[in-house]
Amino acid sequence: METNNQGTRRKFIKAGGIVVASSVLATAGGLFAKEDEKKKDDVAPPEDLMREHGVLKRILLVYGEALRRMDANEDLPPEPIAQSAKIIRDFVEDYHEKLEENFLFPRFKKANKLVDLVDVLLVQHQGGRRLTDITLQFATSQALKNPDDRRKLSDSMRQFIRMYNPHEAREDTVLFPAFRSIVSAHEFDSLGEDFEKKEDELFGNDGFEKMVDKVAGIEKQLDIYDLAQFTPKV
């Protein structure tokens, strides 16, 4: 026969077990929720590379505006060109393209897929660096006043724009979409983490956002930041 004390003790243990179980479930639920939130915030490798192409595209528009002013003999300070070329060197060539060269290109070659495209893209990376060297060299007030140096600067930017418009378009529509098919799901997710770590290592937290802000600042210097000005009047 169960005494009152035994019954009370059993109820207490049962209640305690429910509390512990509820606490464990709540903790686990919180962990799962945080993990789900983290997954939502994670950027897949192709998406990461594509949004970095957006930074490159905006720099190409800066170069285009600089060329328009040079052709029209309008006022053009050298700083926006120099700052843009520095972003190209630091963020696009030394970071973004290194990710492609170290993590994507070798895997495509190993899988024997899109090898011809990868070979051309690599050669273009190397050519782009040579053009950026020239742009950095001649993006000065003195060079802008010298007809020969001014021509070298404009030629370097024109060639850069001509090459990188199709370059990034081919990567966005052919190379990046094919990447998932040549790696496992685990490797795909792991590379996303590797990309994020490298970005943080080179540029600190929110490195991409910092670069977008820098580009926006350059656009404001040239009065091309306001998107509405590009809407056609038809």
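Tyr95 is buried in this predicted model, because its relative accessibility is 1% and buried means under 20%. Its partner in an aromatic pair is Phe91. Phe91 is also a buried residue, with a relative accessible area of 0%. Both residues belong to helix H3, which covers residues 79-110. They are 4 residues apart there, about one turn of the helix.

A second pair, in helix H6 (residues 147-179), consists of Phe160 and Tyr164. These two residues are separated by about one helical turn, because they are 4 residues apart in the helix. Is Phe160 buried or exposed? Phe160 counts as buried, at 1% relative accessibility. Tyr164 counts as buried too, at 1% relative accessibility.

The structure holds 8 aromatic pairs. Among them are the two described above, with the following geometry.

| Pair | Centre to centre | Angle between the planes | Class |
|---|---|---|---|
| Phe91 and Tyr95 | 5.5 Å | 40° | tilted |
| Phe160 and Tyr164 | 4.4 Å | 35° | tilted |

Why is the pair of Phe91 and Tyr95 tilted? The angle between its planes is 40°, and planes under 30 degrees apart count as stacked, over 60 as edge-to-face and the rest as tilted, so this pair is tilted.

Arg51 lies over the face of Phe208, 4.1 Å from the ring centre. Over the ring of Tyr225 sits the charged end of Lys220, at 4.7 Å from the centre of that ring.

Note on methods. Residues are numbered from 1 along each chain as its sequence is written. This is a predicted model: local features need pLDDT of at least 70, side-chain atom pairs count only at pLDDT 80 or more; totals for chains, interfaces and linings use all residues. Side-chain values use heavy atoms; hydrogens and water are left out. Rings of Phe, Tyr and Trp (its six-membered ring) pair if their centres lie within 6.5 Å; planes under 30 degrees apart count as stacked, over 60 as edge-to-face and the rest as tilted. Buried means under 20% relative accessible area, exposed over 50%, partly exposed in between (1.4 Å probe, protein chains only). A charge sits over a ring if NZ of Lys or CZ of Arg is within 6 Å of the ring centre and within 35 degrees of the ring normal.
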